[in-house]
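Visitor: I am new here. Could you show me around?

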Amino acid sequence: MNEEQSGGGTRSFRLHNNQILARPLEPALYLVATPIGNLGDITLRALETLAGADVLACEDTRVTRVLLDRYGIQNKPYAYHEYNADEAGPRLLQALEAGRSVALVSDAGTPLVSDPGYRLAVQAIEAGYKVVPIPGASAPLAALVGSGLPNDAFFFAGFLPTKDKGRRDRLAELAGIPATLIFFESPHRIAATLAAAADVLGGERAGAVCRELTKTFEEFRRGTLSELASFYDAVDNVKGEIVWLVGPPAENVAAAADVDAILADLSETMPTAKAATEAARLTGLPRKELYQRLLDMKERHG
């Protein structure tokens, strides 16, 4: 990374055939949100930052080059991703130490949300450098507002484990959170994931699957978890990027005695861990709390 701007050209961007000069940036790490599909979903501040940064780092230079070309930005992107972070990260920190501005983008959406940019941001903060978020497109928020599910409280949980047991255990841990849950998932696992969600969280819970957000074939499918699981079980070759959501659990005011009765009944036919998982689904209480409660009950009664 040379001392001159990495692109070596004019610091400007093009908007509706007008060339706009980018103002100089103060030294800092800029976390720039980029479109999640539709290239029109970029902010003016983001364009000015991408054009004006001394160093531009991204996950995939080919993906970012498409965005830069769309807006006439000559800045040259450098790769920073999970496979070269040990080598590229220190160079970006050195640029900050030299008083340069560094912009970081992911392939799509907001950096640090399920991508390796988190590591660089933490290192920059720990080293005392200024970190500036440039907000914009976000797949979890786009899915939330389009899902029709409650949005007064939400919990973003990223990707679930790929193996069935890990997936179900994680869902059980999240079962009692009084908020809409938001997840990412790959198209070839969505059917199995929804089936597990229906089993663990309850098939009657409301959900939504949001596919190809902001793109030509954008789709929102809403229904209960059982309905969604059945639909995707019957669909071959699901395509596109997916965000899926689960509505909050129904309010449950079960008394302590009722919870103990449920645990006692379930433990007669199930192992302790499975009984706790099922009790979490029925009561909306945290699985870990119920698991310990059941162990305590068994210890008291010998």
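Guide: Here are a few questions and answers about ring pairs and salt bridges. This is a predicted model, where local features need pLDDT of at least 70, side-chain atom pairs count only at pLDDT 80 or more, and totals for chains, interfaces and linings use all residues. Residues are numbered from 1 along each chain as its sequence is written, and side-chain values use heavy atoms, leaving out hydrogens and water.

Visitor: How many aromatic pairs are there?
Guide: Rings of Phe, Tyr and Trp (its six-membered ring) pair if their centres lie within 6.5 Å; planes under 30 degrees apart are stacked, over 60 edge-to-face, the rest tilted. By this rule, the count is four.

Visitor: Are the planes of Phe183 and Trp244 stacked or edge-to-face?
Guide: The ring centres of Phe183 and Trp244 are 4.4 Å apart. With 15 degrees between the planes, the pair is stacked.

Visitor: Which kind of pair do Phe231 and Tyr232 form?
Guide: The ring centres of Phe231 and Tyr232 lie 5.0 Å apart. Their planes are at 85 degrees, so the pair is edge-to-face.

Visitor: Which residue has its side chain in a salt bridge with Arg119?
Guide: A salt bridge is a side-chain nitrogen of Lys or Arg within 4 Å of a carboxyl oxygen of Asp or Glu. For Arg119, the N to O distance is 2.3 Å, and the partner is Asp86.

Visitor: Is Asp86 buried or exposed?
Guide: Buried means under 20% relative accessible area, exposed over 50%, and partly exposed in between (1.4 Å probe, protein chains only). At a relative accessible area of 59%, Asp86 is exposed.
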